[in-house]
Amino acid sequence: MSAFSAQRPSYYARLICDHMKNLPDFYASSLDDVKDALGISEAAFKMGLDWCIERKIIVLDNKPKPVSAFSADIEEEAMKPEGSRLSSMLRSPVPALAEAS
């Protein structure tokens with residue numbers, strides 16, 4: 001029998017969650033900061049983090065995508081002939097008319 005006993009992913013997930021509960025707004029700006037604070041290996045941290053992500057306990061923030069100053073929808077609408085533009089505008093409900101009914 002080996003002296004090493006492998007922990008289950010849920011064990012590391014519990015460590016991560018307990019640490020996150022003590023952070024302001026339950027938010028960590030860096031995964032490395034959490035891993036370092038817990039003092040666990042990269043493999044153990046990844047195992048626990050993946051377990052949490054699969055169960056939607058922890059959500060990773062993605063960096064926001066750059067937003068163009070020009071919307072493709074507005075550009076497409078502006079390029080339509082006048083008749084097409086009017087019919088597409090009539091298909092979308094107008095809030096004032098919907099409330100008047």
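The largest pocket holds about 270 Å³ of space. A pocket here is an open set of points on a 1 Å grid over the protein atoms alone, where a 1.4 Å probe fits, with protein on both sides within 12 Å along at least five of seven lines. Its volume is the space filled by probe spheres set on the points, which are joined across faces, edges and corners. Lining residues have an atom within 4 Å of a point. There are 15 of them, and Ala-28, Leu-31, Val-59, Leu-60 and Asp-61 are the closest to the pocket's centre. Helix 1 (9–21), helix 2 (31–38) and helix 3 (42–54) each give two or more residues to the lining. By type, the lining has twelve nonpolar residues, two polar and one charged. Nonpolar covers Ala, Val, Leu, Ile, Met, Phe, Trp, Tyr, Cys and Pro; charged covers Asp, Glu, Lys and Arg; the others, Gly among them, are polar.

The model is predicted: local features need pLDDT of at least 70 and side-chain atom pairs 80 or more, while totals for chains, interfaces and linings use all residues. Numbering starts from 1 along each chain as its sequence is written, and side-chain values use heavy atoms, without hydrogens and water.

Now the overall fold. The protein has six helices and zero strands. Of the 101 residues, 16% count as buried, meaning under 20% relative accessible area with a 1.4 Å probe and protein chains only; exposed means over 50%, and partly exposed lies in between.

Next comes the core. In soluble globular proteins, nonpolar side chains tend to be buried together. The largest nonpolar core has twelve residues, including Tyr-12, Ile-16, Met-20, Val-34, Phe-45 and Ile-58. Such a core joins buried Ala, Val, Leu, Ile, Met, Phe, Trp, Tyr and Cys residues through side-chain atoms within 4.5 Å. Helix 1 gives the most to this core, with five residues. Phe-45 is in contact (heavy atoms within 4.5 Å) with Ile-16, Leu-31, Val-34, Lys-35 and Ile-40, leaving aside neighbours within four places in sequence.

Two loop residues close the tour. Asp-25 sits in the loop between helix 1 and helix 2. Its phi is near 60°, a positive value in a residue other than glycine. Asp-25 counts as exposed because its relative accessibility is 74%. Lys-56 lies in the loop between helix 3 and helix 4 (72–79). Phi of Lys-56 is also positive, near 60°. Lys-56 has 69% relative accessibility, so it counts as exposed.

Key
Helices (H or I, at least four residues) and strands (E, at least two) are DSSP runs, numbered from the N terminus.
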